[in-house]
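Hi there,

Here is the structure I promised to pass on to you. Have a look at it first, and then read my notes below.

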Amino acid sequence: MADRLTPRAREIVTAARDLLEESGPAQLTMRTLADRLGIKAPSLYKHFPDKHAVEVELVAQMLTETAEALEAAEARAPGSLEALAGAYRSYALAHPHLYCLGTERPLPRAELPAGLEDRAALPLLRACAGDPDLARAFWAFAHGMVTLEIHGRFPADADLEAAWKRGLGALGT
């Protein structure tokens, strides 16, 4: 992913990510990004045609890092859906704004690096013995749990560890 960007474009995406992680998606505007970099907003357009293009690069980072986290979990515990769930949850909770940017909107598939979405899904698909329906059900469970946790939708006394174990158990892990 980074190889397809110029050094200045990488610098812009890094600043965008910092801004996103600190302040959330509402604060990620071309004007705020330019201010963060100490330049005028029109200078950004020399590197990215619009805010959407910057967001696509952030989504690519999220997918790459998610793939890396899942691959590492798979290497530690081959075939373990529980290990994958733990890695997925840990990554999402460590980067909640980036996670939400990448998962709460339509995925810009055509604009992402070729094969990236598949790479992010492969550890899960392998752990599900190639069953795409089970992999989708597992992902839907994990994504729903993480999204609810990020948005503070569980009661303060909810035992999320128990809920994760129960959900994973229901999926056959």
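**The pocket**

The largest pocket holds about 680 Å³ of space. A pocket here is an open set of points on a 1 Å grid over the protein atoms alone, where a 1.4 Å probe fits, with protein on both sides within 12 Å along at least five of seven lines. Its volume is the space filled by probe spheres set on the points, which are joined across faces, edges and corners.

Before going on, please note that this is a predicted model, in which local features need pLDDT of at least 70 and side-chain atom pairs count only at pLDDT 80 or more, while totals for chains, interfaces and linings use all residues. Residues are numbered from 1 along each chain as its sequence is written, and side-chain values use heavy atoms, with hydrogens and water left out.

Back to the largest pocket: 24 residues line it, and Leu63, Glu117, Ala120, Ala121 and Trp139 lie nearest its centre. (A lining residue has an atom within 4 Å of a point.) Two or more lining residues come from each of α4 (51-76), α5 (81-94), α6 (96-103), α7 (116-127) and α8 (132-150). The most come from α7, which gives 7 residues. By class, the lining has 16 nonpolar residues (Ala, Val, Leu, Ile, Met, Phe, Trp, Tyr, Cys and Pro), 5 charged ones (Asp, Glu, Lys and Arg) and 3 polar ones (the others, Gly among them).

**The chain as a whole**

The chain has 9 helices and 0 strands. The C-alpha trace spans about 55 × 40 × 25 Å along its principal axes. Of the 173 residues, 40% are buried, meaning under 20% relative accessible area with a 1.4 Å probe, protein chains only.

**A few residues to look at**

Arg17 sits in helix α1 (residues 7-23) and counts as buried because its relative accessibility is 12%. Its side chain makes polar contacts with the side chains of Glu65 (2.6 Å) and His95 (3.4 Å). Such a contact is a pair of N or O atoms within 3.5 Å; within protein, one must be able to donate a hydrogen and the other to accept it, and residues adjacent in sequence count only if both atoms are side-chain atoms.

Cys100 is buried too, at 10% relative accessibility, and so is Cys128, at 4%.

Happy viewing!

Note on methods:
Helix = DSSP H or I, 4+ residues; strand = E, 2+ residues; numbered from the N terminus. Buried < 20%, exposed > 50% of the residue type's maximum accessible area, 1.4 Å probe, protein only.
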